[in-house]
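I set out to look up a few local features of one protein chain and to note each of them briefly. My entries follow in the order in which I consulted the structure.

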Amino acid sequence: MKIPKRLQPLVDDGMVDEVLYQLMSGKEAQVFVVRCGDSVRCAKVYKEAQKRSFKQAVQYQEGRKVRNSRRARAMGKKTRYGQKEQEDAWLNAEVDALYQLAGAGVRVPEPFGFVDGVLLMEMIADEDGKAAPQLGEVSLTPEQARDYHGKVIADVVRMLSVGLIHGDLSEFNVLVDATGPVIIDLPQAVNASGNNSAEQMLERDVDNMRRYFGRFAPELLNTDYGKEIWALYETGDLHPDSRLTGCFEHDTESADVDELMAVIDAAKEEERERQERARDAEEGDD
C-alpha cells in the first residue's frame, strides 16, 4: 500500500521496510501492520490532539509525574509551548507504560520504539499469524472465561503493584492470542498514587471484566475483586503474587449518630471559647 505520510520517516530511517495494511482506526490512533526485516509488527500512529475524540484527558493525566520541572510548569499554562509539552507527555504515556508493564510481567505488546508520534510495537497474532481478535469478538467456554478472567485480574494486580491503572479497560482493549488475553491501549494509563479518581477507575476496569466474562461464567458476577484489590493497595499489602478471594466485606456498621453529634458539639464549644479568649485579649489591649 502507499506509505502514509506519518510513517515515511520510519521507512526513511530503516525502521520499517514495508507498510502492509491498515489494521484499524480508532478515537486516538490509526494502527498499521508493517514489516521490519523478517518481523511483522504494528505501527500505531497517534492522531493530533484536535483530531482525537478521547474525552476527559485531564482526569486521566492528573498525578502524572514530569521529570523536568520546566516542562511541568509549562504544562500548567495555556501557552503554545505548554500545550505542546502536554501533548508530548500524553503521547509518551503509553510508551512509558508499555516498557514499565512489560518489565513487570504484564501481558502487553512489546514496544520497539517511538518516533514522531508513531509507536512501533509487537503485533499480537493468533495461531495462524494473523492479527489477534479483540476479546469482545471471541466466544468463550465457561472454563476459558474463568481462566482468562483470572489472567486479566492477575495483570491488573501486577499493574497496580507498579503504580498504574489502565483506566479504560474493556473487552475492546484486550486481544486474545494463542495463550490468552493481552492488554492493549494504554495512553490514558493512570498514576494510582496521584490521581483522585484512581480507586473509581480501578473498580470500573475490574467491573467491566467481571461483567464481560460473567456472560460465559455467571458465577463471576458475584465476585468483587476491584474493592479487594484497592483495599490491599491502600494498606500496602498488594503484591504481584497477592492471593485474592474475589470477596470483599463491606462496612455495614451503622454510624453512631449520638457520638458524631457530640464530637460536633465539642468542636463548636471549643471554637466559641477560642473566640471569647480572642475578644478578651482585644479588650485587654484597649
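**Entry on helix α7.** I looked up which residues of helix α7 (residues 225–234) are buried, and I found Y225, G226, E228, I229 and W230. I take buried to mean under 20% relative accessible area, exposed over 50%, and partly exposed in between, with a 1.4 Å probe and protein chains only. Helices (H or I, at least four residues) and strands (E, at least two) are DSSP runs, numbered from the N terminus. The buried residues of α7 pack against α5 (142–161), β6 (164–165) and α6 (198–214). After α7 comes G236, and its phi is positive, near 80°.

**Entry on sources.** The model is predicted: local features need pLDDT of at least 70 and side-chain atom pairs count only at pLDDT 80 or more, while totals for chains, interfaces and linings use all residues. I number residues from 1 along each chain as its sequence is written, and side-chain values use heavy atoms, with hydrogens and water left out.

**Entry on strand β2.** I noted that six of the eight residues of strand β2 (residues 29–36) are buried, so the strand is largely enclosed by the rest of the structure. Two strands pair if DSSP finds at least two bridges between them. Strand β1 (residues 18–25) runs antiparallel to β2, and six bridges join them. Within this pairing, V19 has V34 of β2 as its bridge partner. β1 and β2 form a hairpin, with three residues between them.

On the pairing with β3, I found eight bridges in the antiparallel sense. Here V33 stands opposite C42 of β3. β2 and β3 also form a hairpin, with two residues between them, and G37 in the turn has a positive phi of about 65°.

**Entry on R41.** I located R41 in strand β3 (residues 39–46). R41 is buried but has no salt bridge, as the nearest side chain of opposite charge, E110, is 7.0 Å away. A salt bridge requires a side-chain nitrogen of Lys or Arg within 4 Å of a carboxyl oxygen of Asp or Glu. Lys and Arg count as positive and Asp and Glu as negative; His and the chain ends are not counted. Leaving aside residues up to four places away in sequence, R41 touches F32, V33, V34, C36, F112, M121 and M123, where contact means heavy atoms within 4.5 Å.

**Entry on cysteines.** How many disulfides are there? I counted zero, a disulfide being a pair of cysteine sulfur atoms within 2.5 Å. For C36, the nearest cysteine sulfur is that of C42, 9.8 Å away. C36 counts as buried at 10% relative accessibility, whereas C247 is exposed at a relative accessible area of 55%.
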